[in-house]
Amino acid sequence: MHVVLDSPLVVRPLAAADAMRRRWLHLLGPAARPIVRRRELRVALVFSALILLALAGALLLPLWLLLLAPIAWGVPHLIADLRYLVIRSGYHLRTRLWWFAGGPLLWVAVGGELVWGFVAAMVAAILARAELGRRLVAVVLLAAAAAAVFALGGAGDLVFSYLHNFLAIAFWWLWRPRAGRLHLLPLALLLAAAAFLLSPAALALSQALGGLAWSPASAGPDHQLWRLAPGLPPELGLRLVLLFCFSQSLHYGVWLHLVPDEDRERATPPTFRASYDFLRRDLGDVGLVVAALLTLAIAAWAVVDLAAANLGYFRMARFHGHLELVAGTLLLLERRR
Amino acid sequence: MDRRSLVAVVLGVVSVACATGVLERGPNHPPAVVELLSPGDSSQLVGVVHDRNTGHAIPAALVIIQCTCLAGAREMMSNDGGAFGFRDLPPGKYTVQVLFGYANVNRTVELAPATRMRTDFRIDPDQRFTITVTHVFDLAPGIRVRPDLGVSAAPSDAFT
């Protein structure tokens, strides 16, 4: 395993990327220093850029993005989910969580009803290292949420999938205590972008730009309308499709870039080589190889059959929204105040 | 192999099994969606037939609807996009049957007045069930089925 992971084929591109970044920073000169040294500023700028990019993508090519983004970033973001929510948080060392919360989550993963994900979160709340009163409040709130999702049926699952995209942003917000107010800049931008996408103006703009006309054969506007906004009037439904596309891109961006940046102890960004070594340390050599093989397998499948690969990815990922709910419950309950 | 590596391998295998649909149970059709039409309009039953393994639309699947409110069954083939649509339907309890390849899937839906119901199907064209008769029962006076007689039949929701 070491032979593969330390081979020049893996290490040299990382060294080249580091050299390119050093050169780029050298060219930028003093202007780049605050961005490198101040995490608050860097994260605020990167998140704002991400929001603008996701907004442009949602308006210009939403239907392609809905299909391709899970293929490109889906598996890496699942790995990031497991890395930051389970391994880095240390929950993987707690045997009772494995058995009692992991069981219902595994059931969801292999095709069980999504309501079992809420059962996993309730169990996690019971097992959390927090005062009894807070744990009971969490269990009651989760039970109410589960009852609402169960009562809504398919619509409840859909609402949950919309909310889970924004759950990532809540994780980013809560990941580290905030010293300044710079993080409010991307949050304000996010609210403005989401409000714009829900307005008729965004749909009109997307249509004027031809965004909805450019679609893969297997997933046109009608398909996404029925998938993401079934039973709603078409105009409102398409606005929700745009919002989902936007929030899905942000969801991936948050897990793959912002949370890793916030998680580090040092405020300055590490080299690509150091990031790779940290990833190996967290996942282990076998885990890293398995993750890489899954990512490549989904990409190769997409080359052969894009629609089937997309469906396959979502089958694989159906547990992760509730994994985020379980970890979020634990993080909130066990957070030092 | 240490414990962490073992967990990684198990998660990888489960992920592959999930992605390929090996672990899916039953037809797992998307829920039916109802839209209200103008009062006085006749009802409609529409949908799309998909391959549950690939997600692709299935053209030329035979879709049959039956209801005591209809004089006889109505049938049509799904189009190139896998879509089917029955219009001018009276309200009632309908059985929608989809036949394609080895798949024979039934779904019962209640169609209200002045509504358009979309009911999609996710079928496995290669799925084949063998149902073995284990009890002796009378089919009609004088006709009996022997318990050791195996009967092959195409799958239906009732058997999944």
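# Strands, helices and a chain contact in a predicted model

Visitor: Which residue in β6(B) does B:L62 stand opposite?

Guide: In this predicted model, B:L62 belongs to strand β3 of chain B, which covers residues 62-66. Strand β3(B) pairs with strand β6 of chain B, residues 92-100, in the antiparallel sense over five bridges. Within β6(B), the residue opposite B:L62 is B:L99.

Visitor: And what is the bridge partner of B:L62 in β4(B)?

Guide: Strand β3(B) also pairs with strand β4 of chain B, residues 74-77, and this pairing is antiparallel over four bridges. On that side, the bridge partner of B:L62 is B:M77.

Visitor: Turning to chain A, are helices α8(A) and α9(A) roughly parallel or roughly antiparallel?

Guide: Helix α8 of chain A, residues 115-127, packs with helix α9 of chain A, residues 132-152, with their axes 9 Å apart and at an angle of about 175°. Because an angle over 145 degrees counts as roughly antiparallel, α8(A) and α9(A) are roughly antiparallel.

Visitor: How many nonpolar residues does the contact of α8(A) with α9(A) have?

Guide: On the α8(A) side the contact residues include A:F118, A:M122 and A:I126, while α9(A) contributes, among them, A:R135, A:L142 and A:F150. By class, the contact has no polar residues and one charged residue, and the number of nonpolar residues is 14.

Visitor: Which element gives the largest share of the side of chain B that touches chain A?

Guide: The contact between the chains takes 23 residues from chain B and 23 residues from chain A. On the chain B side, the elements that give two or more residues are α1 (3-20) and β1 (33-36) of chain B. By class, that side divides into ten nonpolar, eight polar and five charged residues. The largest share, ten residues, comes from α1(B).

Definitions and conventions:
Residues are numbered from 1 along each chain as its sequence is written. Chains are lettered from A and ligands numbered from 1 in the order in which they are written. This is a predicted model: local features need pLDDT of at least 70, side-chain atom pairs count only at pLDDT 80 or more; totals for chains, interfaces and linings use all residues. Axes are lines fitted to C-alpha atoms, for helices over the stretch in contact, and angles run from 0 to 180 degrees between N-to-C directions. Angles under 35 degrees count as roughly parallel, over 145 as roughly antiparallel, 65 to 115 as roughly perpendicular and the rest as oblique. Two residues are in contact if their C-beta atoms, placed from the backbone, lie within 7 Å. Ala, Val, Leu, Ile, Met, Phe, Trp, Tyr, Cys and Pro count as nonpolar, Asp, Glu, Lys and Arg as charged, and the others, Gly among them, as polar. Two strands pair if DSSP finds at least two bridges between them.
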